[in-house]
Amino acid sequence: MRSIAHLVMTLAGLLALAHVGPAPGQGSTQEELKKLVLRAQELAKKGQYDEAVDVMKKALPLAPKNDLAYCLALTSDMEREAGRFADAVKHALEAIKLNDKVGPYYILVAAAALANQDLDLAREYVKKVIDKGEQAIGAVTMYDARQLEDAVFPRTYTIHWDLDPKKGYINPTTGETPLALPRGDLPNQSVTYTVKGARKYRLVKGEANQVLYVMPLGVKPFRVTTKITLEPYSYKKELAKATKGPIPATVKTAYLGPCECINPKSPALAKVVADLKAEDGVQTVRNILAWLKRHVTYKNEKSDIGTLDFKKVEEIVERGHAECRGYAMLFTALCRAAGIPARPVWGLARVSATPSQPKGNFASHNWTEVYFPGAGWIPVDPQKPETLGWLPATIARFYMDVRRNSQSVEHLPMRNLVHMNGEKINFEVSK
């Protein structure tokens, strides 16, 4: 979720602060308030959100009634960015009590509640915005509300994959092509599928992935239809059960060792995680996520999902930027270096509707799953620390995307699905 207060309210708030006339004897106080707000915004632009929040807390007692709602909302937005989600909810609600006519304040409540994994509250405030109507709240605020609506309400996506055998790998011995099939055994995801135009097919369910083996009719294209129902779900209860107990041997073997681009024993990774290890695994992971937020920015320098713009994750540490797969791989590496089993996964993320694409679209996306004894596998998008234990109903989990080394072929089912389809996704959405 983008920074609502920065994008929508900053200019209006600055104008309000600049033009308000100080009450008798209040001139110096008003000037101090302006300086503090500007200072907080400067810190936020640099990504120093904790410091920005501290400055805004000094500003709030100075704000006159006609500026207090704005200052509360700005504080809420910075608190959300700083990971202080409960405080962000509280201050956004206080802003609404002072001025219930400003649509972005409701968006702030919903976004902060979502980050706090309070799904009921997030839904409540998304609905309030939508019920007000675009004419009352404006097109930008309605767009934000629709984004959040897709994230917090159940959605069913029927995706048609029209696959061309000539563009993929066919096993010369069996005549089958392996295809990644989204998992249907997750708390937030159920799946049904059909295959048309093929000779026969079979499904193989593994511990991390489900693979559909299809035998085409020669080189004739065939269609795989996946119906994916995504139900918003928080793993808060599972995370609360995380213990310091032993990690199963099978998990250790598969998800703590080296793999393509990752050497958990790398001195560079060990240096990073040395100050991030905590007494329990969950806090260690939170520390790693916070480190990523401070030291890595998003930048996409490639176009093909199977092509990496780095050979080792240490390159990302050194350069300070990555695209989504780079984030997933570096986060996986740091977790493994800290003794936390982790694996990168690939799937599809819903892109919000636009005038040119009224029903939106899907784009490839990578994130990670981490293992905690007592809790099991927990999803997290390393680009967004607040998603530990929570993924929106806009993301469908397809495939664990990792290879033992650059020469192995574990990624073939994912590659086949994408390249045999030409990355053209035909889908319908139902609520």
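Reply: In this predicted model, H6 and H9 run roughly parallel to each other, because their angle of about 25° falls under 35 degrees. H6 covers residues 103-115 and H9 covers residues 139-152, and their axes sit 10 Å apart. As for handedness, H6 passes H9 in a left-handed crossing.

Now the residues that do the touching. H6 brings Gly103, Pro104, Ile107, Ala110, Ala111 and Leu114, and on the H9 side they meet Thr141, Asp144, Ala145, Leu148, Ala151 and Val152. Sort the residues of this contact by type and you get nine nonpolar, two polar and one charged.

Staying with H9, have a look at Met142, which has its place in that helix. Its relative accessibility is 8%, so Met142 counts as buried. Setting aside residues up to four places away in sequence, Met142 touches Val129, Ile130, Gly133, Glu134 and Ile137. For a sense of distance, Pro221 is 79 residues from Met142 in sequence, and their C-alpha atoms are 41 Å apart in space.

Asp401 lies in the loop between strand E14 (395-400) and helix H16 (412-419). Its side chain makes a polar contact of 3.2 Å with the side chain of Asn366. Beyond its neighbours within four places in sequence, Asp401 has contacts that include Arg325, Met329, Trp346 and His411.

Notes. Residues numbered from 1 in each chain as written. Predicted model: local features only at pLDDT ≥ 70, side-chain atom pairs only at ≥ 80, totals over all residues. Heavy atoms only, no water. Axes fitted to C-alpha atoms, helices over the stretch in contact; angles between N-to-C directions. Helix = DSSP H or I, 4+ residues; strand = E, 2+ residues; numbered from the N terminus. Parallel < 35°, antiparallel > 145°, perpendicular 65-115°, else oblique. Left-handed = near helix turned anticlockwise from the far one by under 90°. Contact = heavy atoms within 4.5 Å. Nonpolar A, V, L, I, M, F, W, Y, C, P; charged D, E, K, R; others polar. Buried < 20%, exposed > 50% of the residue type's maximum accessible area, 1.4 Å probe, protein only. Polar contact = N/O pair within 3.5 Å; in protein donor to acceptor, adjacent residues only side chain to side chain.
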